[in-house]
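Here is a briefing on one structure, grouped by topic. It covers cores, surface, aromatic rings and charged pairs.

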Amino acid sequence: GVLSATRGAKDVTLVDASASALELAMRTAEKNAVGAECKTAIGDIFDLLPAWVAEGKQWPVLVADPPAFIKERKYIQAGLRGYTKLAKLCAQLV
C-alpha cells in the first residue's frame with residue numbers, strides 16, 4: 001500500500017490484524033512523504049470486507065496480500081476456500 005501511495009495513489013487503506021504492523025507501515029509512509037495518503041484499519045479482513053461491502057464502499061484498485069492459508073498439504077482444500085472467499089469479497093469492492 002505504501003508503495004502504491006509513492007506511485008501516485010491518493011487514498012490508501014492499509015489493513016492488518018496487527019497494530020504494530022500498521023504502526024510500522026505508517027512510519028514507512030511518513031518517511032516516504034505519503035503519510036497523508038495512507039490510513040489504517042485494524043482487524044480481521046474477513047470481518048472488515050463484508051462490512052465495507054454492506055456500506056457500499058468502492059475502490060478503483062484493491063491489492064490483497066492474503067495470509068498463508070496453506071502451510072501444509074493437509075490444508076490445501078481449506079486454504080483454497082479461504083483464497084476464493086477473499087477474492088470474491090475483494091471483487092465486490094472494485
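The largest nonpolar core has ten residues: Ala41, Phe46, Leu48, Leu49, Trp52, Trp59, Leu86, Leu89, Cys90 and Leu93. This is a predicted model; local features need pLDDT of at least 70, side-chain atom pairs count only at pLDDT 80 or more, and totals for chains, interfaces and linings use all residues. Residues are numbered from 1 along each chain as its sequence is written, and side-chain values use heavy atoms, with hydrogens and water left out.

**Cores**

- A nonpolar core is a set of buried Ala, Val, Leu, Ile, Met, Phe, Trp, Tyr and Cys residues joined through side-chain atoms within 4.5 Å.
- Buried means under 20% relative accessible area, exposed over 50%, and partly exposed in between (1.4 Å probe, protein chains only).
- Helix α3 supplies the largest share, four residues.
- Helices (H or I, at least four residues) and strands (E, at least two) are DSSP runs, numbered from the N terminus.
- Ala41 touches Thr13, Leu14, Val15, Asp16, Leu22, Leu48 and Trp52 (heavy atoms within 4.5 Å), leaving aside residues up to four places away in sequence.
- A second, separate core has nine residues, among them Ala5, Val12, Leu22 and Cys38.

**Surface patch**

- Ile70, Tyr75, Ile76 and Leu80 form a nonpolar surface patch, with about 300 Å² of accessible area together (Shrake-Rupley method, 1.4 Å probe).
- Patch residues have over 30% relative accessible area and no salt bridge; nonpolar side chains (Val, Leu, Ile, Met, Phe, Trp, Tyr) are joined within 5 Å, like charges within 9 Å.
- Tyr75 sits in the loop between α3 and α4 and is partly exposed, at 36% relative accessible area.

**Aromatic rings**

- The whole structure holds three aromatic pairs.
- Rings of Phe, Tyr and Trp (its six-membered ring) pair if their centres lie within 6.5 Å; planes under 30 degrees apart count as stacked, over 60 as edge-to-face and the rest as tilted.
- The Phe46 and Phe69 rings have centres 6.0 Å apart and planes at 35°, so this pair is tilted.
- Phe46 lies in helix α3 and Phe69 in the loop between α3 and α4, so the pair ties together parts 23 residues apart in sequence.
- Phe46, Phe69 and Tyr83 form one aromatic cluster.

**Salt bridges**

- There are two salt bridges (a side-chain nitrogen of Lys or Arg within 4 Å of a carboxyl oxygen of Asp or Glu).
- Asp11 and Lys39 meet at 2.6 Å, N to O.
- Asp11 lies in the loop between α1 (2-6) and β1 (12-16) and Lys39 in strand β2 (residues 38-42), so this bridge ties together parts 28 residues apart in sequence.
- Glu72 and Lys74 meet at 3.8 Å, N to O.
- Glu72 is partly exposed at 42%, whereas Lys74 is exposed at 62%.
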